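Please work through the exercises below with the sequence and the coordinates at hand. Each task sentence is followed by a solution that goes step by step.

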Amino acid sequence: MAKVIFGAWDNAVIDNRRKKVFEIEEYPEFSDFDEFNPGNPIKAFFGGHGFFIFEKNVNLLDAALQYMERVARESCGKCTPCRVGTQIIKSKLELLTRGDGTPEMLDEIASIAEHVHTTSLCGLGQTATVALLEMIRYFRETLEEEIAGATPVVRQHCTTYVSAPCIEACPSKVDVPRYIDYIKDGKFTHSLGVILQKYPMAATCGRVCVRFCEMACRRTQVDEAVGIKVLKRFVADHEQDVTHDWFSSYMIPEKKDPDLKVAVVGTGPAGIAAAYHLLLKGYPVDVYEAKSVPGGMAATGIPEYRLPNDVLNKEISIIETMGGQIFYNRRMGRDFTVKGLFSNGYKAIFLAIGTHKGKMIRAAGEDPHLKGYDFGVDFLLRINHDYIDKGIPMKLGKKMVVVGGGNVAMDCVRSALRMGVKEVHLVYRRSQNEMPADHEEVEAAEKEGVIFHFLTHPTRIVSEEGTIKAVELVKMSLGDPDESGRRSVTPVDGSEFVLDTDHVIPAIGQKVELGFITPDEDGVAFNSWGTIKVKNDSLMTTRKGVFAGGDCVTGPATLVQAMAQGEQGARCIDDYLTFGRVRFFPKDRMSRLVADVQPMIDSGVNIPVKHEYRVKVRELDPDVRKQIFEEVEKPISVEEAYHEAQRCMRCYRVYSVITEQ
Amino acid sequence: MIGSINGKKVEFQDNETILSVAKRTGHFIPTLCEMADINHAPGTCRVCLVDMKRKNDPAHHIVTSCTTPMEAGMAVLTRTPKVREMQRLQVELLLADHNQDCASCIRHGNCELQDVAQFVGLQQTRYHYPHFYLQRSRDTSSPSVVRDMSKCIRCFRCVNVCREIQGVDALVVTEKGLSTQISVRDHLPLGSSDCVGCGQCILVCPVGALAEKDDIEEAMDYLYDPDMVTVFQFAPAIRIALGEEFNLPAGTNVEGKIITALKKLGADVVLDTNFTADLVIMEESSELLQRVKSSAPLPMFTSCCPAWISYMEKNYPEMKEHVSTTKSPQQCFGAIAKTYLAEKMEIDACRMRVISIMPCTAKKGEAKRDEFIKDERPEVDVVLTTREFARLLKREGLNPAELAPSAFDNHWMGDYSGAAVIFGTTGGVMEAAIRTVHKMVTDKELSQVEFTAVRGLENIREAAVDLGEGIGVVKLAVAHTLKAAGQLMARIKSGEASYHFVEVMACPGGCLGGGGQPRSKHAYQAAREERRQGLYAIDKEAPVRQSHNNPLIRKLYTDYLEKPLGHKSHRLLHTGYTDRKRLVRHTMKEIWQEIEERT
Ligand SMILES: Cc1cc2nc3c(=O)[nH]c(=O)nc-3n(C[C@H](O)[C@H](O)[C@H](O)COP(=O)(O)OP(=O)(O)OC[C@H]3O[C@@H](n4cnc5c(N)ncnc54)[C@H](O)[C@@H]3O)c2cc1C
Ligand code: SF4
Ligand code: SF4
Ligand code: SF4
Ligand code: SF4
Ligand code: SF4
């Protein structure tokens, strides 16, 4: 466990310089700070609140200079103190490390550093000089010794990292403040460019993402989270005409050997993101899809009124514009195998087949073959695929009961209304508070007239001659939260009641559809909970050269998590094909260190900020929209986008580590 | 809610900023980037620091007053030693990044940065790093606006005005750190960009970073060349604004003093653009009636404002057939002066130089349009803005405030109607046209000369006038600011609104708020109301109030042009427009490269 020799964090000083190393107390917070990567000890850590020194021979001046260099490079240049002050501090530190300075310079540096800290406009400048100030304030004699000592100073190994809470929360690590900045700057094309660095499905993500970033947004402490998602949709929609041109003219910097073919299985978000990044890296990529349409759950699960198909298809077509090929109606396990792919010359395979098999409720009389019984995902697939895409009519009864409390359930009930089902019931075993579905989705469903039954669960499905007639339900009561914080539920005796219905739609989860692989023959193994087993940092399955990502690895998750794994998969495949192994990725490591220090940070915004409320997204009227599949949320205007972008407080922080190598 | 500033009790609304409360209650706080009139507080200069203590927190915090809301029980101190010292350091840092050659700067003596440096008591500047500012660009490609980013303090007021007031959105922010600057969209030189040359950005720039293209030297060349005959024209909005540059109250009519000053400068012929404004009304009104009667495209848009013409050509070229073909008063003046006037006064047109004084920077670009240059001879040779004219007078030691007025004395072009004067305000062209159209159609003057339905300051106004049998009700609309013009255009194109006649002026308030008018510090269009009243007052007092009743206009038609839209009119007074829509093709590679350079 790393031992802090000295340091300071938010002006709390640690000073063990007089102690012998073995006498220094170990702090559990630093359990992860021993090594940066195997065999490479972390000697010092710097952040926006302070610094920790883990080894005696660290040169503070050089560490401060390297940190400041990054700050000065990151300064957006809009406000005076940070733009100019950080440059002046940087040049004074340069003088000191070169041996051309005097100890008095520390006073001047401190006064400018204090000024940058107190008067900068955004988080970057406000935190940029904190560590330096603490160094001068509490460890001045060490600095003076360094100034007096041997110079010029040898540059130490330093890794810097810049991030913000929203970026850290985003599975794909989209540089949110940067794309918002570009909107402020009036450059929508660049803004979209930042998003496209991560994945091609910007307009899609701007519509359906579950917004990890907004949950982490610091602006919530002032008024409301920045409309990160709506801004993403804005730039993607605003620039939609240029997207295609961009990629058709995109010259892949260096093409890889045409032998290094990669196969991607599945065209869901994970597969598409992987193919995209592999193509950008210059690999020839073929994508195999079991269905006749691309997009995975984004196409067949997420309904048209939330994500119009042409929006999704346009973004998927980027793959083909860049030279990737998609082969439809090719199901792995039926039409081809892992082995076959390898013998056809593919050097690596990325499996992204999602979770498509619905889970049963386990109620008496339940049988997937009953007329009127459909898994949520299959029900949505039929609507999206057969009814909307192909125009095949669907006959539905008057009443429907959907079981579940997640977004899939919400999509089912709202779609059912649009299909003309008169009475749509939603049954969920816990209360509204526990619903995993997006609060906005629940509200929208309520507005459209869905009848909710909370704390209710089906016990029996009543059918006659293979056709569903009714469902028997029981009331549930909530117990105390267990260790994981989730509250248990128990049926209330004697509270059973019967609801007549033509349909029962279980929407309580999905699992990987087996049969695409023969574990023994293909060497790809599963976890005990039924997902594909991979190594965490490489996404490689138990079979060499076969990687996997997305829902089929994580279990049913979200679009952006799938895309993040797609990108990671592409990076790992690139490493595998180039070096034969997956390399250490410093950014991920920095991200983990940043997460480690978060508990030490008082996240409050302690100076009042003027309130500016979040843009209201206009919606189609509930009475109109519940009858059609037209997109519910309307785009925001350019003016609204500018205003919303101004709300971002740019919570960038700079971090650095000094390491042995 | 109640709090205190410098120990005095102050009342305020929830979410009101400290700066706003301080201003309201008479506590001065120095500012640079903020501009309340355009709702602008980007918080970038960081000069407006104050000491703030919250109700239940003993700590004092230094905060910027423009972005921090006042809270109940908050105690603010604006002048503590710490605050003064930090403000001083802030300005010192600002100057380290500023090309501070005041003596040759256009804003010398009238600069908000100089003011602030004085206010904070700056006595030394310790940091001199020329490479901090020399890497930024100077753009002289536009005939209207010069941008010197080495003097920019990143207040972003120009971006705000171009984006939020004009809706042109020509300016973007590029680079980062010290090289951060306001640039022109797609890396274009300003002269070939979306910029329409309206100069509104100049009016808000606190320093010398933005200015009109200076054409004083060329004007002086002609004035001091004995072989040249200089013919001056000045626009309606000059006479009620020039006085501000010489400490006269805004709105004061200095027409007579301008005539005297020009004569003293050595001008050979001093005339008024008002004369050709009357002429424009004759042509444009006839054109409107012709369009209404025939099946020509409607609505017809006015064409006097070159920034509007440029905006239309760049954004709505498909509507160019809707714009009146009548040239602007400035160009009609040049065309008539170099033909009719030259003939009557027996001047060799080749030796004649027409110099106009305009409230407008876009007029400089207009004079340089190809279609207004015949055989390498422009109709208008030099365009000076109000500000340049004031500088010219100062350079020649003339102060109009001290001069006795004189009157126009030209027998051919030296008269104007009240209708021409109100060209200087939004709604004025429309009102002048209605006065004349009514007479043309009904053979009767309007019962009430003033057609007030089109007056006002809302950005889009609508009215209707009944022209009786044959024509019926004519629907009118007036828009000022290009953002309003764009909104109106969208409504017209979608069929949501339909009109016969639409007036568009690019600048807020019309020409009186033009980009070449005197600047006001910390305020946008501060003298608008006085200037407007000034113009309406001149109209009210004018002996002749309709263009068609200007005796010299009648004489011009009888002696020379014959009739509106006649053969000669067509040759001299009408023009056409060009599709100037810009197609941008970015490649992802370029965009990513730029993003990476910034990462
Ligand atoms: C109804 C519904 C609504 C949702 N709403 C949201 C939301 O609002 N926001 C959000 O972030 N997430 C949402 N999700 C989750 C999100 O859609 C998924 O997490 C995401 O699509 C997973 O991507 P994936 O690429 O891993 O798998 P999938 O999207 O499932 O794609 C897998 C692809 O592989 C193909 N495939 C499967 N087996 C084979 C085989 N043997 N051979 C060849 N191809 C095969 C499939 O046909 C499919 O195209 C929703 C999911 C559902 C079901
Ligand atoms: S990064 Fe923040 S603190 Fe630095 S110049 Fe930009 S706005 Fe100011
Ligand atoms: S305010 Fe901006 S930078 Fe800060 S967390 Fe929110 S989106 Fe990210
Ligand atoms: S902008 Fe102001 S401070 Fe700067 S050089 Fe000009 S007059 Fe001097
Ligand atoms: S002159 Fe007008 S259009 Fe051009 S940049 Fe300035 S405000 Fe924008
Ligand atoms: S050019 Fe002038 S108005 Fe524009 S940001 Fe710079 S200082 Fe401000």
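**Exercise 1. State which residues of helix 9 of chain A are buried.**

Solution. In helix 9 of chain A, the buried residues are F188(A), T189(A), H190(A), S191(A), L192(A), G193(A), V194(A), I195(A) and L196(A), where buried means under 20% relative accessible area, exposed over 50% and partly exposed in between, with a 1.4 Å probe and protein chains only. The helix spans residues 188–196 and is mostly covered, nine of its nine residues being buried; helices here are DSSP runs of H or I with at least four residues, numbered from the N terminus.

The model is predicted, so that local features need pLDDT of at least 70 and side-chain atom pairs count only at pLDDT 80 or more, while totals for chains, interfaces and linings use all residues. Residues are numbered from 1 along each chain as its sequence is written, chains are lettered from A and ligands numbered from 1 in the order in which they are written, and side-chain values use heavy atoms, with hydrogens and water left out.

**Exercise 2. Describe the shell around ligand 1 and determine between which domains ligand 1 lies.**

Solution. Step one is the shell itself: 35 residues surround ligand 1, and the closest are V208(A), E289(A), R306(A), H356(A) and D551(A), a residue being near a molecule if one of its heavy atoms lies within 4 Å of it. By class, the shell divides into 19 nonpolar, nine polar and seven charged residues; Ala, Val, Leu, Ile, Met, Phe, Trp, Tyr, Cys and Pro count as nonpolar, Asp, Glu, Lys and Arg as charged, and the others, Gly among them, as polar.

Step two concerns the elements that supply these residues. Helix 14 (269–280), helix 15 (297–300), helix 18 (376–389), helix 19 (407–418) and helix 23 (559–579) of chain A each give at least two residues to the shell around ligand 1.

Step three turns to the domains, whose bounds come from an automatic or database domain assignment. Chain A is divided into domain 1 (6–166 + 655–659), domain 2 (253–356 + 512–583) and domain 3 (358–510). Because domain 2 and domain 3 of chain A both contribute residues to the shell, ligand 1 lies between them. The centres of domain 1 and domain 3 of chain A, taken over C-alpha atoms, are 56 Å apart.

**Exercise 3. Find the polar backbone atoms that approach oxygen atoms of ligand 1, among them one of M297(A).**

Solution. A polar contact is a pair of N or O atoms within 3.5 Å; within protein, one must be able to donate a hydrogen and the other to accept it, and residues adjacent in sequence count only if both atoms are side-chain atoms. A polar backbone atom of M297(A) is 2.8 Å from an oxygen atom of ligand 1, and for D551(A) a polar backbone atom is likewise 2.8 Å from a ligand 1 oxygen. For P269(A), a backbone N or O atom lies 3.2 Å from an oxygen atom of ligand 1. The protein covers 96% of the 990 Å² of accessible area that ligand 1 has on its own, with areas from the Shrake-Rupley method and a 1.4 Å probe; for residues, only the protein chains shown count as cover.

**Exercise 4. Is E567(A) buried or exposed, and what does E567(A) contact?**

Solution. E567(A) is found in helix 23 of chain A and has a relative accessible area of 18%, so E567(A) is buried. Leaving aside neighbours within four places in sequence, E567(A) is in contact (heavy atoms within 4.5 Å) with S172(A), K198(A), A273(A) and H277(A).

**Exercise 5. Give the class composition of the shells around ligand 3 and ligand 4.**

Solution. The shell around ligand 3 has nine nonpolar, no polar and two charged residues, and among its members are C166(A), C217(A), R218(A), C648(A) and R650(A). Around ligand 4 there are 14 residues, of which H98(B), C102(B), C105(B), C111(B) and G208(B) come nearest; this shell divides into five nonpolar, six polar and three charged residues.
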